[in-house]
Structures are given as C-alpha cells and as structure tokens.
Amino acid sequence: MELLQMRYFIKIAESGNMTKAAEELFISQSSLSRTIARLESDLGVKLFDRIGRQIYLNDFGRVFLARAKQVFLQLEEAQREIRDLQGNGTHTIHVGITIPGILTFFLDRYVILQNQFKLSQLFLQRNQAMAYLNDSVVDYVISADRIESDRIQWTHLLNDSILALLPEQHPLSNYEVLSLSQLVDEPIVSTPHGYGIRPLMEDCFSTVGASPNIVFEESDPSLIFKLVCNNVGIGFISQHNLVNHLKLENCLDNPKIPGIEMRVITDSCAKMDIGIAVLRNRYQSKQDHLFLSILTDYCKDLSSVMHPEDYHPPI
C-alpha cells in the first residue's frame with residue numbers, strides 16, 4: 001500500500017466522481033482507475049459501489065477514508081514538529097472564525113509579532129467549523145458554539161451577550177431591559193443567514209416559538225446601525241462587536257451610538273460562551289503557544305471593557 005494510492009482514494013471519495021478527481025489530480029482517468037484497483041487488491045475488498053458511471057463509498061470505503069485521513073494528518077503533524085525543532089521559517093497559524101469582529105483589535109497586537117508567526121483568518125458558517133477542524137483546513141476555530149468531541153478540545157475565552165438595537169423613540173426603548181417575547185413581531189435588520197450572530201438569534205427566537213422577521217440582510221455593523229437609525233428595523237449586536245465599533249469611533253468611554261438605543265436581552269439563550277477549539281492530538285509549536293498566550297490576554301482585556309449595565313437607560 002502506498003501513500004499515493006491513499007491520496008488518490010481520498011480525492012475520489014471527496015469528489016464523488018472519478019472523472020472530476022482525475023482532472024483535479026492532473027492524471028488520466030485510466031491511470032487513476034488502475035491505482036484504485038491496486039489499492040482494493042491490497043486491501044482485499046472493494047471500497048466503492050459502482051452503479052453505472054457513478055461511484056459511491058461503501059462501508060469498507062467509509063472506514064478506510066477515516067483512517068486514511070488520519071494518516072495524512074499525522075504526517076502533517078510530524079512535519080510541523082520537525083520544522084519547529086529546526087526553527088526554520090515562519091509558521092502560519094490558520095484560524096477559523098464563526099463570529100466576525102472577535103479578532104479586530106487582536107490584530108494590533110499581532111502586528112508587533114508578525115515576524116514570529118503568520119496568521120490566516122477564515123470566516124466560517126457555524127455548521128462548517130467541526131469539519132474544517134477534523135480535516136485540518138484550519139488549526140483553530142473561535143466560535144460561540146461549544147465545539148467538543150473525543151478528537152476536539154474546547155477552551156473558554158470570554159463571556160459575551162447580545163444587545164438589541166432600537167431606533168430612538170421606539171416604544172420598546174421605554175423598557176430598561178427586553179425579553180425576546182417582546183421582539184417577535186419586530187422587523188429585523190440582520191447579518192446574512194449562517195453568519196455572525198444570526199444562527200444564535202434564530203435559535204433564541206425558536207425558544208419562544210417564533211422566527212426572526214428579517215427584512216434586510218447586511219454584514220457591515222456600521223450599515224446595520226444606519227438602517228436601524230432609519231427605522232428599517234431593529235437590530236442585534238454582540239458586546240464585543242459593539243466595543244470594537246466604539247473603539248474605532250474613539251468613544252469607548254461614552255457607549256452611545258447616535259440615533260440608537262441599546263438594551264440588554266434577558267433571555268439566557270442571548271448569552272454567548274466564546275471559546276477556541278483545536279484537535280486534541282495536534283502538535284503545539286512555540287508559535288502556537290505564543291498565539292494562544294496573546295489571544296488569552298486579549299480576551300481578558302476585552303472582557304474588562306464589556307459592561308452590560310452601560311446599556312441600560314439612565315434613571
């Protein structure tokens with residue numbers, strides 16, 4: 001059995017099509033078929049069920065796919081550890097993010113240390129996070145969803161919560177705090193489906209037997225503020241994103257957005273446990289330890305300026 005055979009097998013399994021896999025591997029389909037036939041001969045079983053021109057992984061194939069991926073993951077870990085021991089080059093840390101804005105001001109700290117490691121940030125939908133970790137597309141995932149399994153370790157970073165954004169003079173601004181049941185009939189300006197805090201809010205509304213009434217989708221917080229000010233609908237924002245906005249506007253000491261009233265949502269589902277997930281057996285290089293140390297300090301500093309009581313109306 002050869003690594004090349006395993007690599008070709010993984011490509012076919014992921015593409016689900018022999019022709020497409022051959023094109024992506026830049027080899028002929030006949031050569032690819034012969035390679036897989038030798039692999040199946042070595043194993044003594046067929047890995048695919050062939051129906052006409054279509055191929056499907058069978059039970060043997062699914063078992064072998066999981067093991068084959070582990071082989072390549074272990075090889076990557078070995079390469080990473082050897083590079084770390086040699087001290088050669090600058091290591092790139094790939095981070096998946098499901099909550100936009102969480103690393104906005106972390107990058108200020110990273111700039112000082114960018115000669116020690118490189119950082120690659122990839123925005124993910126929440127349903128992509130575990131697969132991207134398991135397949136080592138990313139090294140870490142920072143998320144408000146607790147991602148944990150027998151292969152994945154989860155570490156808490158900070159507590160966060162969701163605030164409601166109301167246009168000034170909105171009837172609900174007379175309340176000191178709000179519950180989701182008060183918001184079910186409101187038109188809502190939201191991030192696109194699957195991104196930001198949208199999945200969390202959809203889950204929250206389901207707890208009160210409703211779905212959010214989305215009337216406009218926008219990913220830029222500053223534009224969401226503008227749409228709320230113009231009475232297009234109410235909005236939602238996480239405390240960490242609000243802090244980022246206030247820092248950019250140099251008004252962190254006066255947490256106020258012109259034309260908008262902010263209210264704490266009391267429902268427990270509007271609270272977030274933000275953490276970082278990593279494969280349990282992943283080798284931790286010196287650069288990884290440095291990244292995690294800086295990230296932990298950054299989240300502590302961020303937590304120190306997130307105060308929900310600031311968003312109550314004055315008494």
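F205 and F236 are both buried. In this predicted model, the two rings make an edge-to-face aromatic pair, with 6.2 Å from centre to centre and 75 degrees between the planes. F205 sits in helix α7 (residues 198–207) and F236 in strand β9 (residues 235–238), so the pair ties together parts that are 31 residues apart in sequence. The structure has four aromatic pairs. Elsewhere, F9, F48 and F64 come together as one aromatic cluster.

Salt bridges number 14 in the structure. One of them joins K69 to E14, with the closest N and O atoms 3.8 Å apart. This bridge links distant parts of the chain, as K69 belongs to helix α4 and E14 to helix α1 (residues 3–15), 55 residues apart. K69 is partly exposed, at a relative accessible area of 24%.

Another bridge pairs E148 with R280, again with 3.8 Å between the closest N and O atoms. Here two loops are involved: E148 is in the one between β5 (140–143) and β6 (152–167), and R280 is in the one between β11 (271–279) and α10 (286–304), which puts the partners 132 residues apart. E148 comes out as partly exposed at 40% relative accessibility, and R280 as partly exposed at 41%. Both belong to a salt-bridge network that also takes in R146 and D273.

Helix α4 (residues 59–86) also carries L75, a residue that counts as partly exposed at 37% relative accessibility. Together with L3 and V71, L75 forms a nonpolar surface patch with about 220 Å² of accessible area in total.

As for N241, this residue lies in helix α9 (residues 239–248) and is buried, at 17% relative accessibility. Once neighbours within four places in sequence are set aside, N241 is in contact with P100 and G101. K11, by contrast, is 230 residues from N241 in sequence and 39 Å from it in space, C-alpha to C-alpha.

On the cysteine side, the structure holds zero disulfides. C204 is buried at 0% relative accessibility, and C299 is buried at 1%.

Key. Residues are numbered from 1 along each chain as its sequence is written. This is a predicted model: local features need pLDDT of at least 70, side-chain atom pairs count only at pLDDT 80 or more; totals for chains, interfaces and linings use all residues. Side-chain values use heavy atoms; hydrogens and water are left out. A disulfide is a pair of cysteine sulfur atoms within 2.5 Å. Buried means under 20% relative accessible area, exposed over 50%, partly exposed in between (1.4 Å probe, protein chains only). Rings of Phe, Tyr and Trp (its six-membered ring) pair if their centres lie within 6.5 Å; planes under 30 degrees apart count as stacked, over 60 as edge-to-face and the rest as tilted. Helices (H or I, at least four residues) and strands (E, at least two) are DSSP runs, numbered from the N terminus. Patches are made of residues with over 30% relative accessible area and no salt bridge: like charges are joined within 9 Å, nonpolar side chains (Val, Leu, Ile, Met, Phe, Trp, Tyr) within 5 Å. Accessible areas come from the Shrake-Rupley method with a 1.4 Å probe; for residues, only the protein chains shown count as cover. A salt bridge is a side-chain nitrogen of Lys or Arg within 4 Å of a carboxyl oxygen of Asp or Glu. Contact means heavy atoms within 4.5 Å.
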